There are 2 protein chains.
Amino acid sequence: MDVTTEAPSKAGLEDVVAASSSICYLDGARGVLAYRGYDIHDLADHATFEEVCFLLWHARLPTRAELGDLHSQLADARALPEGVLRLMRSLPPAPAMDALRTLVSALSHYDPGANDMSPEGRQRTSVRLTAQLGSIVSTYGRMAAGGGQIAPDPALGQAANFLYMLTGQRPSALAARALDIALILHADHEFNASTFVARVSAATLTDVHSAIVGGIGALKGPLHGGANADVMHLLLELGQDVTDQKIESVVRGKLARKEKIPGFGHRVYRTEDPRATHLRAMSEELGRSTGNLRWFQISQRIEQIVKGEKKLNANVDFYSATTYYALGIPVDLFTPVFAVSRISGWTAHVLEQYANNRLIRPRADYIGPSYPQAYVPLDRR
Amino acid sequence: MDVTTEAPSKAGLEDVVAASSSICYLDGARGVLAYRGYDIHDLADHATFEEVCFLLWHARLPTRAELGDLHSQLADARALPEGVLRLMRSLPPAPAMDALRTLVSALSHYDPGANDMSPEGRQRTSVRLTAQLGSIVSTYGRMAAGGGQIAPDPALGQAANFLYMLTGQRPSALAARALDIALILHADHEFNASTFVARVSAATLTDVHSAIVGGIGALKGPLHGGANADVMHLLLELGQDVTDQKIESVVRGKLARKEKIPGFGHRVYRTEDPRATHLRAMSEELGRSTGNLRWFQISQRIEQIVKGEKKLNANVDFYSATTYYALGIPVDLFTPVFAVSRISGWTAHVLEQYANNRLIRPRADYIGPSYPQAYVPLDRR
């Protein structure tokens, strides 16, 4: 290591400040999350996902006219290029996150503005990608289930249109609002791993698509966005008819074997993740409205055990699983739905990085073979 | 910011240690670069790219039998899936780095082992991707120039096979060795931005393709791998017949306007980048052998001016431009050729990250609106 290099940081850059940002206020000790200073509970109670997108991008809430403009821009950008639809139909089956990564990358080839790196061009690309991610995930989900492609409905907001393009049915007001709130809750979370990937990429001054495709790849990981699908797999493995004793023995068994229970714990929060508070209530409400509270109850039981034994709190992924399930979203789409929301935060961070850029390039603490090693020719090895 | 968070680091994580690593030894003050303890000059003088791949992955030089095995594995993996070739033919024209990003992402759909996250599976994916990146870039370059697809030649090493698949001609020994050395010099460079993106991605336990696709997106940036193409664009803009006075006035004009001259300066090196030393000599040798030293001479003149005026040294990108140009590689492929080499380092780092993982999740220094902002309903804004 150079003499100029600082002492090794805590592993995983824990608590290390990587850059300044004015987007997300996150107080892990008090359990506070705010976008541009607005508390996440206020936004989830009163705002729409589109208002939150505007807030993340422009650092203030939109006027009615500005919100109308954004609705039009999003609606206009929702139809996918025929080449991307053709690619979607031709790709062999794979995890939906792999398809999302490939298809978002392919979008750039059909977007004449993809490499327009002017501030206006980058902003336009951000809006387009926010619209297009919803269309890709819903259309992919529909095709994977054997359905025919549904054209977007410009009268609907992002959340309702997503459910419409996925199911072919206009969703109930409750379902549309539940997904809208879920999108608000997932929209940004400071320098989480996928956002950090997007920012490190953007700091090389690469284009928006490249930065976002990197973010999608990182979100897929089970230690990140992949956890919401893993929560549902655990629930489905237990089954609706599982007894309390069985839940207890399965969960305690996993904990005893030091297996990770998906949906618990967070790098930053020392108290409950405020998003979990909201999603728990929503999962219960949706269960009640569909007449099936069973998945919610099983989740609660798991939460009690993990909290009691490990002092770990449920995180954003835990109750989003049953929320999405109650909305009829297939499990393979859970992590892609996270991306349908997080694209707003990713692009806000990428735009912020471009606006005041410095290459992000840390150092390693070298712990390998001493330098120099003598090179031994092949025939003497 | 939490009370637990450390004071803001230097911008861009400069000199901040992000993790331990035993792959790359980099001493910016002395101008030393070593892979697993082996000096880059020794490797460039004596090793092949395949030996370097083995060294990066396994932390020691291979025996003859192990090297033979690796040659076979690479040769076996070079043929591209028909679906990826079809996609390559159907993509609308775009920067070659966009195509590389999309096509590498698409590879995973045709690779039954893409989501095999066992240590052996991850290693196999790394070898396959190393072989396949060469085939994608060479075939893409050939098709973009209107040529027909060339089947890989298993008798050739990665460098020679790349030139063969690109040009349809078996390269001279000098050309093959020049590219081989360039691949060695570009193979790894500690926590550069694209490698760091790949590691942050891998730390979520996402798959190898996702991590590598993120790295490709970051490498594209003009502050990273994109610089080698920008160097050549500057040279071509000046033209072969440019006078010394004209070079002087163009370069000094750019410096006066605070424009960046591509190919100069480096975050880590305080002295000459050892890779630049090697590439300068190679660029001259290739110029001599092809009877055209003009691009080399113009490069030298630019180097003298920038060094004299700004005390900035040439970096790895500066003389790789004329080296690739002399090898007949189209300018649009310069950054992709960087990736054809760096895939070895990316995968070595991703494998190291998986083997001793901790989520990489830094914090932001929040400088936005104070918390809490009062939410004002839409009709009162």
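Which side chains meet in a salt bridge at 2.8 Å, N to O? Select A:Lys220 and B:Asp207: their side chains form that salt bridge, meaning a side-chain nitrogen of Lys or Arg within 4 Å of a carboxyl oxygen of Asp or Glu. Between chain B and chain A the count is twelve salt bridges.

This is a predicted model, where local features need pLDDT of at least 70, side-chain atom pairs count only at pLDDT 80 or more, and totals for chains, interfaces and linings use all residues. Residues are numbered from 1 along each chain as its sequence is written, chains are lettered from A in the order in which they are written, and side-chain values use heavy atoms, without hydrogens and water.

Next, show the whole interface. Here 111 residues of chain B are in contact (heavy atoms within 4.5 Å) with 111 residues of chain A. The two chains bury about 9,700 Å² between them, 57% of it on carbon and sulfur atoms; buried area is the accessible area (1.4 Å probe) lost when two parts are put together, summed over both. Now select B:Arg361, B:Tyr371 and B:Tyr375, which supply 9% of the area that chain B buries against chain A, more than any other three residues.

Finally, look at how the copies are arranged.
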